[in-house]
Amino acid sequence: MQTLFSYSPNQTERLAGAFALGVSGGTVVALTGDLGMGKTTFVRGFVRGLGNAASVSSPTFAIVNDYGGKPHLYHFDMYRVKTIEDLQSTGFFDYMNEESILLIEWSENIRDALPENTVYVDISRGMSDNARIIRIHKAGESA
(Lines give C-alpha, C1' and ligand atoms only; values in the text may rest on other atoms or scores of the structure.)
Protein backbone atom coordinates (compact mmCIF):
# COMPACT_ATOMS: atom_id res chain seq x y z
CA MET A 1 0.00 0.00 0.00
CA GLN A 2 1.15 3.52 -0.78
CA THR A 3 0.00 6.45 1.37
CA LEU A 4 0.18 9.99 -0.01
CA PHE A 5 -0.63 13.27 1.71
CA SER A 6 -2.09 16.28 -0.06
CA TYR A 7 -2.69 19.73 1.37
CA SER A 8 -4.50 21.31 -1.61
CA PRO A 9 -6.52 20.35 -4.69
CA ASN A 10 -3.54 21.31 -6.89
CA GLN A 11 -1.28 18.98 -4.95
CA THR A 12 -3.86 16.19 -5.25
CA GLU A 13 -3.83 16.70 -9.03
CA ARG A 14 -0.02 16.57 -9.14
CA LEU A 15 0.09 13.39 -7.04
CA ALA A 16 -2.54 11.77 -9.27
CA GLY A 17 -0.62 12.79 -12.38
CA ALA A 18 2.55 11.14 -11.08
CA PHE A 19 0.59 8.01 -10.13
CA ALA A 20 -0.96 7.85 -13.62
CA LEU A 21 2.45 7.43 -15.24
CA GLY A 22 2.70 3.96 -13.68
CA VAL A 23 -0.74 2.78 -14.81
CA SER A 24 -1.18 0.93 -18.10
CA GLY A 25 -4.11 0.09 -20.34
CA GLY A 26 -6.40 -2.64 -19.05
CA THR A 27 -6.35 -1.24 -15.51
CA VAL A 28 -9.38 -0.42 -13.39
CA VAL A 29 -8.79 2.36 -10.85
CA ALA A 30 -11.53 2.33 -8.20
CA LEU A 31 -11.88 5.54 -6.19
CA THR A 32 -13.61 5.72 -2.83
CA GLY A 33 -14.20 8.59 -0.45
CA ASP A 34 -16.97 10.69 0.97
CA LEU A 35 -18.63 13.47 -0.98
CA GLY A 36 -16.23 16.35 -1.54
CA MET A 37 -13.04 14.40 -0.77
CA GLY A 38 -11.50 15.04 -4.19
CA LYS A 39 -12.26 11.98 -6.30
CA THR A 40 -12.92 14.09 -9.42
CA THR A 41 -9.88 16.24 -8.62
CA PHE A 42 -7.79 13.05 -8.51
CA VAL A 43 -9.22 11.93 -11.86
CA ARG A 44 -8.47 15.35 -13.38
CA GLY A 45 -4.84 15.08 -12.29
CA PHE A 46 -4.63 11.49 -13.53
CA VAL A 47 -5.94 12.48 -16.97
CA ARG A 48 -3.53 15.45 -17.17
CA GLY A 49 -0.65 13.27 -16.02
CA LEU A 50 -1.10 11.15 -19.13
CA GLY A 51 -0.95 14.26 -21.31
CA ASN A 52 -4.67 14.23 -22.06
CA ALA A 53 -6.21 17.73 -22.33
CA ALA A 54 -9.86 16.57 -22.04
CA SER A 55 -12.18 18.62 -19.88
CA VAL A 56 -12.73 16.48 -16.77
CA SER A 57 -16.00 16.68 -14.86
CA SER A 58 -17.95 14.30 -12.67
CA PRO A 59 -20.16 12.04 -14.81
CA THR A 60 -22.84 11.81 -12.11
CA PHE A 61 -25.77 12.05 -14.53
CA ALA A 62 -24.08 10.67 -17.66
CA ILE A 63 -22.59 7.71 -15.70
CA VAL A 64 -19.51 7.68 -17.99
CA ASN A 65 -17.30 10.30 -19.64
CA ASP A 66 -15.07 9.27 -22.52
CA TYR A 67 -11.78 11.20 -22.56
CA GLY A 68 -10.16 9.29 -25.43
CA GLY A 69 -6.37 9.29 -25.57
CA LYS A 70 -3.75 6.58 -25.49
CA PRO A 71 -4.46 4.64 -23.45
CA HIS A 72 -8.16 5.33 -23.80
CA LEU A 73 -9.63 6.79 -20.59
CA TYR A 74 -13.17 6.26 -19.31
CA HIS A 75 -14.43 8.01 -16.16
CA PHE A 76 -17.41 6.41 -14.39
CA ASP A 77 -19.57 7.68 -11.53
CA MET A 78 -21.41 4.81 -9.85
CA TYR A 79 -23.17 6.97 -7.23
CA ARG A 80 -26.62 6.15 -8.66
CA VAL A 81 -25.85 2.49 -9.44
CA LYS A 82 -27.33 0.27 -6.73
CA THR A 83 -27.92 -3.15 -8.34
CA ILE A 84 -26.20 -5.44 -10.82
CA GLU A 85 -29.03 -4.67 -13.24
CA ASP A 86 -28.24 -0.94 -12.93
CA LEU A 87 -24.60 -1.72 -13.64
CA GLN A 88 -25.39 -3.89 -16.65
CA SER A 89 -27.59 -1.14 -18.11
CA THR A 90 -24.59 1.22 -18.17
CA GLY A 91 -22.67 -1.06 -20.54
CA PHE A 92 -19.87 -1.12 -17.95
CA PHE A 93 -18.74 -4.67 -18.72
CA ASP A 94 -18.21 -3.79 -22.39
CA TYR A 95 -15.66 -1.13 -21.41
CA MET A 96 -13.69 -3.66 -19.37
CA ASN A 97 -12.92 -5.69 -22.50
CA GLU A 98 -10.83 -2.90 -23.99
CA GLU A 99 -7.20 -2.03 -23.37
CA SER A 100 -8.37 1.12 -21.63
CA ILE A 101 -8.05 2.63 -18.19
CA LEU A 102 -11.31 2.84 -16.25
CA LEU A 103 -11.48 5.43 -13.47
CA ILE A 104 -14.47 4.74 -11.24
CA GLU A 105 -15.88 7.09 -8.60
CA TRP A 106 -18.17 5.59 -5.93
CA SER A 107 -16.67 2.22 -6.80
CA GLU A 108 -17.84 0.80 -3.47
CA ASN A 109 -21.31 0.53 -5.06
CA ILE A 110 -19.99 -2.06 -7.53
CA ARG A 111 -17.13 -3.60 -5.54
CA ASP A 112 -18.30 -7.18 -6.20
CA ALA A 113 -18.21 -6.59 -9.97
CA LEU A 114 -14.65 -5.24 -10.12
CA PRO A 115 -11.85 -7.41 -11.52
CA GLU A 116 -9.29 -9.03 -9.21
CA ASN A 117 -6.46 -6.74 -10.39
CA THR A 118 -8.30 -3.51 -9.52
CA VAL A 119 -6.22 -0.70 -8.05
CA TYR A 120 -8.03 1.11 -5.22
CA VAL A 121 -7.57 4.78 -4.38
CA ASP A 122 -9.16 5.65 -1.03
CA ILE A 123 -9.33 9.37 -0.26
CA SER A 124 -10.14 10.71 3.21
CA ARG A 125 -9.93 14.04 5.00
CA GLY A 126 -6.68 14.91 6.76
CA MET A 127 -6.14 17.26 9.68
CA SER A 128 -7.41 20.39 7.88
CA ASP A 129 -10.20 21.18 5.41
CA ASN A 130 -7.97 20.88 2.33
CA ALA A 131 -5.75 18.06 3.59
CA ARG A 132 -6.31 14.61 2.13
CA ILE A 133 -4.91 11.19 2.87
CA ILE A 134 -4.71 9.12 -0.31
CA ARG A 135 -4.20 5.38 0.09
CA ILE A 136 -3.42 3.40 -3.04
CA HIS A 137 -3.54 -0.38 -2.90
CA LYS A 138 -4.36 -3.42 -4.97
CA ALA A 139 -7.20 -5.81 -4.29
CA GLY A 140 -6.37 -8.02 -1.35
CA GLU A 141 -4.04 -5.51 0.30
CA SER A 142 -5.37 -3.85 3.40
CA ALA A 143 -6.26 -0.17 3.10
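**View 1. Packing of helix α1 against helix α2 in the predicted model.** Helix α1, which spans residues 9–20, packs against helix α2, residues 39–49, at an angle of about 45°, and the axes of the two helices are 7 Å apart. The structure shown here and in the views that follow is a predicted model. On the α1 side the contact is made by Pro9, Thr12, Glu13, Ala16, Gly17, Phe19 and Ala20, and on the α2 side by Thr41, Phe42, Arg44, Gly45, Phe46 and Gly49. Sorted by class, the residues in this contact of α1 with α2 comprise six nonpolar, five polar and two charged.

**View 2. Burial of helix α2 and the residue that follows the helix.** Eight of the 11 residues of α2 are buried, and the helix is therefore largely enclosed by the rest of the structure. The buried residues are Lys39, Thr40, Thr41, Phe42, Val43, Gly45, Phe46 and Val47. After α2 comes Gly51, with a positive phi near 80°.

View 3. The relative accessibility of Asn52 is 11%, and because buried means under 20%, Asn52 counts as buried. A polar atom of the Asn52 side chain lies 2.8 Å from the backbone nitrogen of Ala54. Leaving aside residues up to four places away in sequence, Asn52 touches Val47, Tyr67, Gly68, Gly69 and Leu73; of these, Val47 is also listed among the buried residues of α2.

**View 4. The cis peptide bond at Pro71.** Between Lys70 and Pro71 the peptide bond is cis, and its omega is near -5°. Pro71 has its place in the loop between β3 and β4, where β4 covers residues 73–77.

**View 5. Trp106 and Thr118 in the loop between β5 and β6.** Trp106 is found in the loop between β5 and β6, and Thr118 lies in that loop as well, with β5 running over residues 101–105 and β6 over residues 119–125. The phi of Trp106 is near 55°, a positive value in a residue other than glycine, and with a relative accessibility of 13% Trp106 counts as buried. Thr118, whose relative accessibility is 0%, likewise counts as buried. The side chain of Thr118 has a polar atom 2.7 Å from the backbone oxygen of Pro115. With residues up to four places away in sequence not counted, Thr118 touches Val28, Ala30, His137, Lys138 and Ala139.

**View 6. Phe5 in strand β1.** Phe5 belongs to strand β1, residues 2–6, and at 44% relative accessibility Phe5 counts as partly exposed. Not counting residues up to four places away in sequence, Phe5 touches Gln11, Leu15, Arg132 and Ile133. In sequence, Phe5 and Glu85 are 80 residues apart, while in space the separation of these two residues, taken from C-alpha to C-alpha, is 37 Å.

Definitions and conventions
Residues numbered from 1 in each chain as written. Predicted model: local features only at pLDDT ≥ 70, side-chain atom pairs only at ≥ 80, totals over all residues. Heavy atoms only, no water. Helix = DSSP H or I, 4+ residues; strand = E, 2+ residues; numbered from the N terminus. Buried < 20%, exposed > 50% of the residue type's maximum accessible area, 1.4 Å probe, protein only. Polar contact = N/O pair within 3.5 Å; in protein donor to acceptor, adjacent residues only side chain to side chain. Contact = heavy atoms within 4.5 Å. Axes fitted to C-alpha atoms, helices over the stretch in contact; angles between N-to-C directions. Nonpolar A, V, L, I, M, F, W, Y, C, P; charged D, E, K, R; others polar.
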